[in-house]
Amino acid sequence: MEVNPLSIILVKSDSKGDRLLFRYPYTLPQQFQTSVTPARKTPYSLIHTGDDILQNAPPSNICFDQLYGISDKDLATLFAVKPELCNQKFELKVNDVRFVSHPTLLRSDPGSDQKSSDIQINVVFALHAQASSSVVKSYYELSKRIGIALIYEERRDGYFSREIKTMVAVMDENSALQEQEQPTGAAGTGGSAGTGSGTGPTGTSGQTVVTNATAAGIAVSVFDTILKNTTLAQFIKTIYHDLCTTGLLNVTMNQTVTLSFCLPQKAHQFHKKGTAVEPETIDRCLESLKPYHGMLLLVDPSELFDCVPPSGANMLLQLIEVYNPLKSLQNMASDAELLIDHVYQLVGHLVYWAKATIIYPLCETNVYVIAPDAQLNIHSNLSDKFATKFPGMSLFEVISDFSLPTSIGHLTTPLQHPARQGRLAQMVLWMLQHHLLMQLHTYVQFVANLDGIEEEEFDAAGGRSSEDRVHALHALYGSSAPSASSSQPLAVPTTGNRKHSLSEDRYSDSLSALLTTAASAISNTRPSSASHRSNISHSSVGGLQTASSTDNDESIASIDDDDKLKRLLAAFPEPDRKAVARIPAASNPEDLALMVRLWKAGYFKGEHHLEEIMYFENLRRSQLLQLVDKFREVLIIYETEDPAIASLYSDQPVE
């Protein structure tokens with residue numbers, strides 16, 4: 001996908017006629033000029049045009065990434081649109097060139113109804129025909145902004161009218177000189193034709209080449225003069241070169257209006273060559289921004305203010321003063337005394353302009369691995385840049401530590417000097433800026449393990465023979481139970497076909513055991529006869545009452561815990577409930593309550609990493625890791641990159 005423009009064309013249409021005022025570039029490359037005028041070895045040799053070989057090739061108007069083969073008169077006719085087509089998108093495809101613009105209607109006197117004073121301005125961008133729709137949309141937006149700026153300056157001090165007069169005067173002066181030289185040129189041409197009449201087609205072809213070269217030279221001299229004498233032509237030239245080099249515009253028209261524009265498909269290639277980042281991808285990334293995310297600048301802070309309008313410069317300055325890749329966006333917003341929404345807008349603007357990227361704040365638990373598309377080939381100059389930034393260090397030696405997913409904490413020890421740890425953090429940040437590393441996050445997925453549940457249910461039903469097993473199946477599953485001769489896997493039981501679940505039976509049995517134990521303890525403390533009862537002192541009676549009350553409190557507490565466990569387990573559906581109930585940690589009300597809370601919030605669907613759960617649920621990493629370890633029979637973990645960040649620099653090669 002080619003994003004550079006082929007040419008920028010300025011056309012006006014008014015009561016005085018249609019005119020192409022300026023186009024850039026207007027000079028063809030030197031290699032093209034030498035290729036279209038092949039040298040003859042002898043005056044009698046014929047030029048082989050190759051028409052017999054390329055007779056079926058489609059016509060092309062692109063030569064060395066520039067517009068070619070369409071005269072200025074034809075361009076003026078094509079783009080001098082009628083007023084009905086103004087203030088809307090204009091798109092035209094000619095062979096392999098696509099022209100995009102936003103024609104603008106300029107009224108010299110807004111209160112006048114005379115149409116003779118209207119001027120149609122059309123700033124046209126010539127693009128490759130295969131340019132994507134997002135690239136076409138970006139250039140259309142740029143053409144619209146230029147038209148709005150011209151209207152503003154025209155109404156302010158008549159800027160566009162002055163520039164038109166200068167351009168037209170140069171063209172008229174050049175036309176007058178051509179008319180004065182025309183008789184002499186005609187006589188010379190006639191003599192040349194008579195002299196070359198004996199050469200046949202060779203003389204005619206040579207005359208055509210000379211005529212075309214002369215016309216091209218005249219056009220170049222005219223545009224050269226216009227470029228020197230008008231600031232509008234210089235403005236267009238600056239736009240063309242900035243779009244082709246960086247994709248970022250920050251130019252001023254008439255020393256008053258500043259035009260800021262970003263072509264993200266080009267701007268982001270500066271940090272990751274060969275990859276096209278679409279505006280829609282950036283929008284999706286920014287929509288996924290969370291307060292726990294961080295920001296990493298890709299350029300020097302002094303270069304940030306060129307892309308921000310004056311109204312937002314103060315807020316950006318506040319944010320840069322507290323910027324730290326170790327801080328989250330929420331922390332930076334708090335330190336800068338800004339609303340988190342304003343921080344989102346500033347960060348989104350910097351990301352769109354390829355001045356910053358989204359990361360998770362740097363810490364020891366962050367896990368990094370070499371990016372699959374890291375530019376570590378022998379032709380890359382990143383190794384030299386790294387050696388210049390960190391003298392005495394080798395990029396390949398440092399990045400080899402991240403061949404497998406590794407956390408920063410594993411590369412440091414408590415005995416290391418703090419300066420060395422800080423140097424490692426700086427190197428990691430440098431590799432993140434150049435997209436050599438990719439951060440991996442831990443995600444949790446709830447998967448119920450139902451193995452062995454059916455066998456336990458059969459044993460609980462007392463079935464041993466095949467007939468007893470069939471009766472047990474019918475007792476457990478109802479009419480949906482499989483037959484004894486069936487080899488199909490057993491169906492998962494549903495809550496509607498059973499009166500009690502396995503966990504409920506187990507908890508009812510445990511309650512009965514607890515009550516029986518408490519009753520037996522009380523009965524064992526009672527005397528067996530009345531005579532023996534009379535010999536008991538008051539102190540022994542008091543001690544007996546205390547012991548029995550303590551046992552009663554423990555039994556009541558156990559009953560409350562079991563009721564709480566039942567209520568917590570009721571949050572799971574029947575198959576998942578049985579799988580969770582089998583885990584020893586499920587008998588701890590605190591662990592089970594945390595498990596149920598996170599499960600209800602939807603954090604165990606493999607869509608939320610640990611850092612997100614920690615932030616929104618106000619938990620420590622150790623708490624989450626302990627919970628995952630205790631319920632490891634139903635909770636599985638895996639590591640992958642954050643989709644919100646991964647989508648920004650996904651592998652979308654430029655065609």
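**View 1. Phe99 and Ile239 touch the most other members of the largest nonpolar core, which has 67 residues.** A nonpolar core here is a set of buried Ala, Val, Leu, Ile, Met, Phe, Trp, Tyr and Cys residues joined through side-chain atoms within 4.5 Å; buried means under 20% relative accessible area, exposed over 50% and partly exposed in between, with a 1.4 Å probe and protein chains only. Helix α3 (residues 133-157) gives the most to this core, with nine residues. Another core, of 32 residues, lies apart from it, and its members include Leu289, Val299, Leu316 and Ala354. In soluble globular proteins, nonpolar side chains tend to be buried together.

A word on the model: it is a predicted one, in which local features need pLDDT of at least 70 and side-chain atom pairs count only at pLDDT 80 or more, while totals for chains, interfaces and linings use all residues. Residues are numbered from 1 along each chain as its sequence is written, and side-chain values use heavy atoms, with hydrogens and water left out.

**View 2. Here are the contacts of Phe99.** Contact means heavy atoms within 4.5 Å. Setting aside neighbours within four places in sequence, Phe99 is in contact with residues including Ile9, Leu67, Leu75, Phe79, Glu91 and Val124.

**View 3. Helix α2 (residues 72-79) has Leu75, Ala76 and Phe79 buried.** These three are on the same side of α2, because they cover an arc of only 100 degrees around the axis, taken from the directions from the helix axis to the C-beta atoms. Lys73 and Thr77, on the other side of α2, are exposed. The buried residues of α2 pack against β1 (7-14), β2, β4, β5, β6 and β8 (118-128). Helices (H or I, at least four residues) and strands (E, at least two) are DSSP runs, numbered from the N terminus.

**View 4. A cis peptide bond runs from Tyr24 to Pro25.** Its omega is near 0 degrees. Look for Pro25 in the loop between β2 (17-24) and α1 (30-35). Most residues other than glycine have a negative phi, and most peptide bonds are trans.

**View 5. Asp65 has a positive phi, near 60 degrees, in a residue other than glycine.** You will find Asp65 in the loop between β3 (62-63) and β4 (66-67). Asp65 counts as partly exposed because its relative accessibility is 46%.

**View 6. Asn95 also shows a positive phi, near 55 degrees, and is a residue other than glycine.** Asn95 lies in the loop that joins β5 (90-94) and β6 (97-101). With 36% relative accessibility, Asn95 counts as partly exposed.
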